[in-house]
Amino acid sequence: MDMLLMLLLMSFSILPLSVSSSAAASGDAFIGINIGPDVSNMPSPKDIVALLKAQSIQHIRLFDANQALLLALAKTGISVTISVPNDQLLGIGQSNATAANWVNRNVIAHVPATNITSIAVGSDVLTTLANAAPVLVSALKFIQSALVAANLDQKIKVSTPYSSSIIVGSFPPSQANFNRTWNQQVTVPLLKFLQSTGSYFMLNVYPYYDYMQSDGRIPLDYALFRQLPPNKEAVDSNTLLHYTNVFDAVVDAAYFAMSDLNFTNIPIVVTETGWPSKGDSSEPDATVDNANTYNSNLIKHVLNNTGTPKHPGIAVSTYIYELYNEDLRSGPESEKNWGLFYANGEPVYTLHLTGAGTLFANDTTNQTFCVTKSNDDPKMLQAALDWACGPGKVDCSPLLQGQPCYEPNNVVAHAAYAFNAYYQKMAKSAGTCDFKGVATITTTDPSHGSCIFPGSNGKNGTRINGTLLAPSNSSSSGCFSQYYYKGGSFTSSLILVVLFLSALVM
């Protein structure tokens, strides 16, 4: 980005342009989220869908067409963008039959139960897989032809995400243009395709990288959507439009670059944007606070339907990168830390939102519970259960025979109740859902029948005095008493003794 010129153009002589907050004619903007695959402990499709529902996320983008997840998304109403991975692009771009088979397997097999609304063909192809660029538009056309044959072309749109780095001279936005190397071979045919099919231009926007690569020329506040005084706003000297953040400037640069090629009516959807919450020593601004600030401000900015200075009031729907931290990604530490959640469902940070409806509730931990992991060692579960109902001072009376949570009478079910009771009692503090690795956080309410788990229906626990944490891999279990199951019978008398002794020491 030519950000040096941007600073030279900053001015305070003109009042900020007022923008409309009305919804765009094409509908209100939405916030979606990307789900990357490079997670070592990837939650099950069922748990992923449960998290999406708990956070009221109605739009997602996958980097492939994961069959199990597409099945789990059936009948949820969640809008899904699936992707042709870059490593499949050459085959699809050179064979209509290969494209048709891909659509049959990944689209027709799942609709209408799964609400697939768009297909991203490749991603950042011009900047990451240049050898596939010559067949990129052919791949889109072949996919489109398969959708037309299945009478799905009006429901499902086809496009390809462009990296914003393909835009040259992006400030001032009015002077932006696409890298001319690709114009006649790729970009112009792509824009003609998008225009003729009523699709949209997919754009990946990363103010974090723009900021990091600017050598201090871009203020951090400008990258994070923080409010700027009028004399600090960037002004496009050609249009006199004021820019208060990098995101809007990049989106408008794309609009102007399309105009430079005589395309003026193609909408933009931002398919990736976000901010990392952790980085290595060379990335001091990859912090939880900055990630929270960027994504919180982004969500409010998009959902306000303010559009951009060039197109006020025109929706710019946006997908946050990403749902989970991808710990398997290579590169600097920041590459592993773009997620809003850890793989166990615990939020990386709590978004600061107002006016965003139910999307990403202010307290993203409101609907989390602590339960047993599947297929864990019964002896380890037993020891952890002993601790929770002993030194952990959990009220285990609902587990007594004849009480609501006695059934099912096994160590997995009873430990789940005790783990969650402790987790809620400790106000869901970090480290209180571990129990030597046999517990995990879930957004699915584990209550069943008349057994209501603490934290369900707003019955959240409160923090107790002290700093007692559930036993983790680095601490001893502190086993207080023995709970055991023989022939499926839970020894209730031992629970009574434990409860009695616990009462004496509380």
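Two strands are said to pair if DSSP finds at least two bridges between them, and the legends below apply this wording to a predicted model.

**View 1. Strands β6 and β9 lie side by side in a parallel pairing.** Strand β6 and strand β9, the latter covering residues 201–204, are joined in the parallel sense over 3 bridges. Within this pairing, S163 has N204 of β9 as its bridge partner.

**View 2. An open sheet is built from 9 strands with parallel pairing.** Read across the sheet, the strands follow the order β5-β4-β3-β2-β1-β13-β12-β9-β6. The edges are formed by β5 (157–159) and β6 (161–163), each of which pairs on one side only. From one strand to the next, the twist averages 25 degrees.

**View 3. Helix α5 packs on the sheet.** This helix, made of residues 96–108, touches β3 (79–84) and β4 (116–121), and the direction of α5 makes about 155 degrees with that of β3.

**View 4. Helix α7 lies across β3, β4 and β5.** Helix α7 consists of residues 136–149, and its course runs at about 155 degrees to β4.

**View 5. G392 sits in a loop between two helices.**

Methods: Residues are numbered from 1 along each chain as its sequence is written. This is a predicted model: local features need pLDDT of at least 70, side-chain atom pairs count only at pLDDT 80 or more; totals for chains, interfaces and linings use all residues. Side-chain values use heavy atoms; hydrogens and water are left out. Helices (H or I, at least four residues) and strands (E, at least two) are DSSP runs, numbered from the N terminus. Axes are lines fitted to C-alpha atoms, for helices over the stretch in contact, and angles run from 0 to 180 degrees between N-to-C directions. Contact means heavy atoms within 4.5 Å.
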